[in-house]
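Please read them with the coordinates open.

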Amino acid sequence: MSAPISLTRNKVDESQFEPHIDPVCKMTVTPATAAASFEHEGTMYYFCMTGCRDKFAADPKRFLSEPGAIATGFPAAQLGIEYTCPMDPEIVQIGPGVCPKCGMALEPKEITLDDTPDPEFVDMKRRFRIAAVLTIPVFVSAMAEMFLPMSFVHSWQKYSLWIQFALATPVVWWCGWPFFERAWASVRNASPNMFTLIAIGTGAAYLLSIAALFFPQWFPSSMIDAHTGTIPAYFESAAVITTLVLLGQVLELRARSQTSSSIKELLRLAPETATVIHADGREEIIDLRNVHEGQTLRVKANEKVPTDGSIIDGTTSIDESMVTGESMPVEKTAGDNVIGGTLNGNRSFTMIAEKVGSETLLANIVKMVGEAQRSRAPIQRLADSVSAYFVPTVIIVAIIAFIVWLVLGSLASAIVAAVSVLIIACPCALGLATPMSIMVATGHGARNGVLVKKAEALETLAKINTIVIDKTGTLTEGRPTVTEIYVMSSRAGKDSSYAIDEDEVIKLAASLERLSEHPLASAIVGEAEKRSLALYDVRDFESTTGLGVRGMIDGDDIFVGRDSGISSLVVKLSGETIGTISVADAIKPSAKAAIDELRSRNIDVVMMTGDNAATAKQVADELGIDHVFAEVMPEEKAAKIKELQAFGLVAMAGDGVNDAPALAQADVGIAFATGTDVAIESADITLLKPDLDGILKAMNLSRATMSNIRQNLFFAFAYNIIGVPIAAGMLFPIFGLLLSPMIASAAMTFSSVSVILNALRLRKANI
């Protein structure tokens, strides 16, 4: 990768667009977008509304004394933070801004739990709201002739143009100003993009309208309306285009803001405090950030482990599913390692801190997720890649048309031809081709249980050749259940008083296990509840870590636990083994059929799990999966995905916190809504139902969407290929026809409508 490009802000030229914090409501504003300002002790403060300004003016010290109210006006979270572009990761600068290459808003490289709003999103949302309010009357006024008597329209036209001018001007030049800035940056950097096209289209429509309003004598007499004496103007086209593009920016920025949620969820796994035990035995609760290596910590029942270390006193069971993906809590005793962020069971223990801060496993997972998200640059839309050639081509065609008509015709004809080319080449249809299909597809997917968070995932999913599926909670149910009961004795106990069958084996075992904290106890008790068995009273209950539980029932000694040479749990009555109970994580009913369908589509299926190799192989054999990665830790899962990506595009399906780095690293991450929040936030697609049929639905949706997008792009490009030469005047020698900007505007609108109507067909796609 090339060295980072450092961008330096021009303080003088861009001061009106530097972000400031409203000291009252903490909203991000710029001097150019602020509703009010107030100077206090030599510093100018900016406000999102006059009400905030009035509150501040009444008592400035009240608001300036609050945390984060700094004199520079910049939010504390943004000072000194590096921002980068998701499309062009080599672009790096201090503080927020836009990418000089693609025009996208920059994102912070490191995510924190700070909830300061994205200044770009706040600014675009404000601009869109103002643009929408002003554009509606402009559009209604321009379309008046469609629903009002012509006699009224003719007398109203002169006034209508001035009203359109007054309302469209702030829409184009204030609300749409960021597009002109980005277009100019694209010219300076020789990197034309969609914003270049948007600026050309809206600027051409607006400037032509200004000329028509103030300099009608420039135009041929044939363009003058005989009834009103005016030249047709296109203020409504410029305003509507600007407003729609702003809406697209708001929706895009809102979606992109969610990409940091997965990292924030990971950060929230760590507790905020820890209980430290001092040398004199005194216990003190301190901030987790103040914990250092070698300190002795107390972890109470049902608390999160504060940091990585080892147990020095006590026994417990810890839920480590966030790391291993294994649904069963792990028994721990003195000398065993514990991981920060995991959840302690019902017993207390003391530990020594061995890794703190950025050295912990959780911190490394956070780092990996962040790096994986930044390393996967979003797929370039076809419209953006083509614009590198399309923009200069359109400009060249417009210049040629202007020169030819200036030589062979008149200045007025030259202006009309050149502007018609620019208007008809406005990228509305090109810009709508992909977003409209994505919008309809995501809505259709949601109705069918497939939630798409990243639009690029739909494109990539149609091309994958390998899918990696986590075992626990994805192929399996994610919780231990009783899979088999074997009766070894028909009668047992004092005087053979017990008639032994499956129900009796479970009844005896569950009577003891309901008093136990063992991870498998809930599975046995749950089986008894499912069979509606009334449990026995137990006396003299005893639990031995690593061995099992024992107790007295009606004078008989009952034992449930492990026995040498037997993999299942044994149930003993008065020393005699009366049965065994097998507990495992059951395979989901839909898994086998889904795996078979994926293989029929020539997609390689790989199972990856943190569970042991024997268990993994058993599940893989039952499902017909040939490729298995077992005993894989979280940091290794992302590495395995990278290995597979060397051979093609890889999708990853999982539901645990431990899957987050791999979900972020994969070309497409797929999570289940029943899984952890971190997995869901790290994934590109979330399936509402916890079965693998959703993966097939997502793939079907992906294929239908890409087919629809290709159709839309065909309409958009065909329209430009046909429309631009006509607008340049190629038909004039044959038919004497010179396309007017009004017809060009109508053609532009038709192309957009055709794209929208085609995209709406996705609502009936069979997935």
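1. The charged end of Arg127 sits over the ring of Trp174, 4.7 Å from the ring centre. This is a predicted model, and the contact should be read as a feature of that prediction. A second contact of this kind involves Lys640, whose charged end sits over the ring of Phe629, 4.8 Å from its centre.

2. The structure holds 12 aromatic pairs. One of them is formed by Phe165 and Phe214, with 5.5 Å from centre to centre and 80° between the planes, an edge-to-face arrangement. This pair links distant parts of the chain: Phe165 belongs to helix H4 (residues 150-175) and Phe214 to helix H6 (residues 194-214), and the two are 49 residues apart. Phe165 is partly exposed, at a relative accessible area of 21%.

3. The rings of Trp173 and Phe180 are arranged in another way. Their centres are 4.7 Å apart and their planes stand at 20°, so this pair is stacked. The cut-off behind that label is an angle under 30 degrees. Trp173 counts as partly exposed, at 31% relative accessibility, whereas Phe180 counts as buried, at 14%.

4. Which residues do ring pairs link into a cluster? The members are Trp162, Phe165, Trp173, Trp177, Phe180, Tyr206, Phe214 and Phe235.

5. A nonpolar patch lies on the surface. Ile395, Ile396, Ile399, Ile400, Ile403, Val404, Leu406, Val407 and Leu408 form the patch, and together they have about 840 Å² of accessible area. Leu406, one of these residues, lies in helix H11 (residues 382-408). Its relative accessible area is 41%, and Leu406 is therefore partly exposed.

6. Two backbone angles deserve a look. Ser532 has a phi near 60°, a positive value in a residue other than glycine. Ser532 is placed in the loop between helix H17 (521-530) and strand S23 (539-544). With a relative accessible area of 66%, Ser532 is exposed.

7. The other case is Asp540, which is not a glycine but has a positive phi of about 55°. Asp540 is found in strand S23. Is Asp540 buried or exposed? At 58% relative accessibility, Asp540 counts as exposed; the cut-off for that class is over 50%.

Note on methods:
Residues numbered from 1 in each chain as written. Predicted model: local features only at pLDDT ≥ 70, side-chain atom pairs only at ≥ 80, totals over all residues. Heavy atoms only, no water. Patch = residues over 30% accessible without salt bridge, like charges linked within 9 Å, V, L, I, M, F, W, Y side chains within 5 Å. Areas by Shrake-Rupley, 256 points an atom, 1.4 Å probe, with all protein chains shown as cover. Salt bridge = Lys/Arg side-chain N within 4 Å of Asp/Glu carboxyl O. Helix = DSSP H or I, 4+ residues; strand = E, 2+ residues; numbered from the N terminus. Buried < 20%, exposed > 50% of the residue type's maximum accessible area, 1.4 Å probe, protein only. Phe/Tyr/Trp six-rings, centres within 6.5 Å; stacked < 30°, edge-to-face > 60°. Lys NZ or Arg CZ within 6 Å of the ring centre and 35° of its normal.
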